[in-house]
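Hi everyone, thanks for coming. Please take a moment with the sequence and the structure, and then I'll walk you through them.

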Amino acid sequence: MKFEDALKQMREGKKVKFADDHNHYCIVNGSIWEESINSSGNVYYAGGIADLSCHKILAEDWKIVEKGEK
């Protein structure tokens, strides 16, 4: 899906990811956050969208993260 569709999904409370990236993106308190999970299973959030580059925004291979998916 395109980023604009992924953004709609995030606004509905879902997490999305770009292609085969391991990081998930979600909206928390009105901002897009990047969610990372380390090898121990700990979840970390990075604020802002610094890692959301133009090639990701223009990509068409975004997908919804299914429950339990890493």
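**A walk through the model**

When I say helix or strand, I mean a DSSP run, with helices being H or I of at least four residues and strands being E of at least two, numbered from the N terminus.

Before going on, a word on where this comes from. This is a predicted model, so to speak of a local feature we ask for pLDDT of at least 70, and side-chain atom pairs count only at pLDDT 80 or more, while totals for chains, interfaces and linings use all residues. Residues are numbered from 1 along each chain as its sequence is written, and side-chain values use heavy atoms, leaving out hydrogens and water.

Now back to H1. Which residues of H1 are buried? They are Phe3, Ala6, Gln9 and Met10. Buried here means under 20% relative accessible area, exposed means over 50%, and partly exposed is in between, using a 1.4 Å probe and protein chains only. These four residues sit on the same side of H1, because they cover an arc of only 110 degrees around the axis. That arc is taken from the directions that run from the helix axis to the C-beta atoms. On the face turned away from the buried side, you'll find the exposed residues Lys8 and Arg11.

What do the buried residues of H1 pack against? Their partners are E1, E2, E3, helix H2 (54-58) and strand E5 (62-64). Contact means heavy atoms within 4.5 Å.

The largest nonpolar core has 10 residues: Phe3, Ala6, Met10, Val16, Phe18, Tyr25, Ile32, Leu52, Ala59 and Trp62. By nonpolar core I mean a set of buried Ala, Val, Leu, Ile, Met, Phe, Trp, Tyr and Cys residues joined through side-chain atoms within 4.5 Å. Two or more residues of this core come from helix H1 (3-11) and from strand E1 (16-18). H1 gives the most, with 3 residues. In soluble globular proteins, nonpolar side chains tend to be buried together.

Let's look at the rings. Phe3, Phe18, Tyr25 and Trp62 form one aromatic cluster, and searching the whole structure gives 3 aromatic pairs. Rings of Phe, Tyr and Trp (its six-membered ring) pair if their centres lie within 6.5 Å; planes under 30 degrees apart count as stacked, over 60 as edge-to-face and the rest as tilted.

On to the strands. E2 and E3 pair in the antiparallel sense over 5 bridges; two strands pair if DSSP finds at least two bridges between them. Within this pairing, cysteine 26 stands opposite tryptophan 33, and tyrosine 25 has glutamate 34 as its bridge partner. Glutamate 34 also stands opposite alanine 46 in E4.

The two strands E2 and E3 form a hairpin with 2 residues between them. Asparagine 29 lies in the loop there, between E2 (24-28) and E3 (31-37). Phi of asparagine 29 is near 50 degrees, a positive value in a residue other than glycine. Most residues other than glycine have a negative phi. Is asparagine 29 buried or exposed? It counts as exposed, because its relative accessibility is 80%.

The next hairpin is made by E3 and E4, with 5 residues between them, and glycine 41 in the turn has a positive phi of about 90 degrees. E3 and E4 (residues 43-46) pair in the antiparallel sense over 4 bridges, and isoleucine 37 stands opposite valine 43.

How many disulfides does a search of the whole structure find? The count is 0, where a disulfide is a pair of cysteine sulfur atoms within 2.5 Å. Cysteine 26 counts as buried, at 8% relative accessibility, whereas cysteine 54 is exposed, with 60%.

Last stop: glutamate 69, in the segment after E5. Glutamate 69 counts as partly exposed because its relative accessibility is 23%. Beyond its neighbours within four places in sequence, glutamate 69 is in contact with Lys17, His24, Lys63 and Ile64.
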